[in-house]
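Q: Could you walk me through a few features of this structure, one at a time?
A: Gladly; let us look together.

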Amino acid sequence: MSMFRLVLLLSLALLFGLPATLHAQAAAHPWQSLTPAQQDLLSPLRDKWDTLPAHRQDHLLEKTTQWVTLPPAKREEIRERIARWQNMTPEQRAETRQAMARFHRLPPARQQQLRAAFERFHQLPSSQREQLLQQWQSKTPAERKQWVHHMGPGGAIPPPSMRSFGRRGHP
């Protein structure tokens, strides 16, 4: 290969590769560049933010534009979910992802039934929620499957993250 051809190929590679490199660098959002509202909402990610891939940062920032319009109680709930996710072990995250994948494979009518059961669970007084959770934890896997199939006592069942980790979650 001639020197001219080599220089031409390298120049073209740099020319076509440079915009992608600049775009990747420009897509990163350092923590300090976030607005106070974004930092507040994303505070559970503060320590990891600068190491997140640019596409993940972009996705989260898109969500914050929606989240900042929510009432403070809803924003706090989201912040707590982010913090719970950050505190999960890799095994717990994998289990949660698998449960969500199973949920999304269900027919829409069944998804709605489960959402309604979770909502009924959350509307129960805390003492009844604790009682249901204790009942759930005392059951075998087969009994749990049967309970979910029949929506539990009173049509209320603890959501997946409540069952797995003893905390409130969402379907």
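Q: Before we start, what kind of model is this?
A: This is a predicted model.

Q: How do I read a pair of aromatic rings?
A: A pair of aromatic rings is described by two things, the distance of the centres and the angle of the planes. Here the count comes to one aromatic pair. The ring centres of Trp-31 and Trp-49 lie 6.1 Å apart and the planes stand at 70°, so this pair is edge-to-face; the cut-off for that label is over 60 degrees.

Q: Where in the chain do Trp-31 and Trp-49 lie?
A: Trp-31 sits in the loop between helix H1 (3-27) and helix H2 (36-41), while Trp-49 sits in the loop between H2 and helix H3 (54-67), so the pair ties together parts that are 18 residues apart in sequence.

Q: Is Trp-31 buried or exposed?
A: Trp-31 is buried, with a relative accessible area of 7%.

Q: Now to a helix. How does the span of helix H5 compare with what its residues should give?
A: Helix H5 (residues 90-105) has 16 residues, which at 1.5 Å a residue should span 22 Å. The end C-alpha atoms of H5 are 23 Å apart, which agrees.

Q: Which residues of H5 are buried, and which exposed residues are on the face turned away from them?
A: Arg-93, Ala-99 and Phe-103 are the buried residues of H5. They cover an arc of only 125° around the axis, so they are on the same side of H5. The face turned away from that buried side carries the exposed residues Pro-90, Glu-91 and Arg-105.

Q: What do the buried residues of H5 pack against?
A: They pack against helix H4 (72-87) and helix H6 (108-123).

Q: How should I describe two packed helices?
A: Two packed helices are described by the angle between their axes and the distance between the axes. For H4 and H5, the axes come within 8 Å and cross at roughly 120°, which makes H4 oblique to H5. At this contact, Trp-85, Gln-86 and Asn-87 in H4 meet Gln-92, Arg-93, Thr-96 and Arg-97 in H5.

Q: And which residues of H6 are buried?
A: The buried residues of H6 include Leu-114, Phe-118 and Phe-121. Pro-108, Ala-109 and Gln-123 are exposed on the face of H6 turned away from its buried side.

Conventions:
Residues are numbered from 1 along each chain as its sequence is written. This is a predicted model: local features need pLDDT of at least 70, side-chain atom pairs count only at pLDDT 80 or more; totals for chains, interfaces and linings use all residues. Side-chain values use heavy atoms; hydrogens and water are left out. Rings of Phe, Tyr and Trp (its six-membered ring) pair if their centres lie within 6.5 Å; planes under 30 degrees apart count as stacked, over 60 as edge-to-face and the rest as tilted. Helices (H or I, at least four residues) and strands (E, at least two) are DSSP runs, numbered from the N terminus. Buried means under 20% relative accessible area, exposed over 50%, partly exposed in between (1.4 Å probe, protein chains only). The expected span of a helix is 1.5 Å times one less than its number of residues. The arc is that of the directions from the helix axis to the C-beta atoms. Contact means heavy atoms within 4.5 Å. Axes are lines fitted to C-alpha atoms, for helices over the stretch in contact, and angles run from 0 to 180 degrees between N-to-C directions. Angles under 35 degrees count as roughly parallel, over 145 as roughly antiparallel, 65 to 115 as roughly perpendicular and the rest as oblique.
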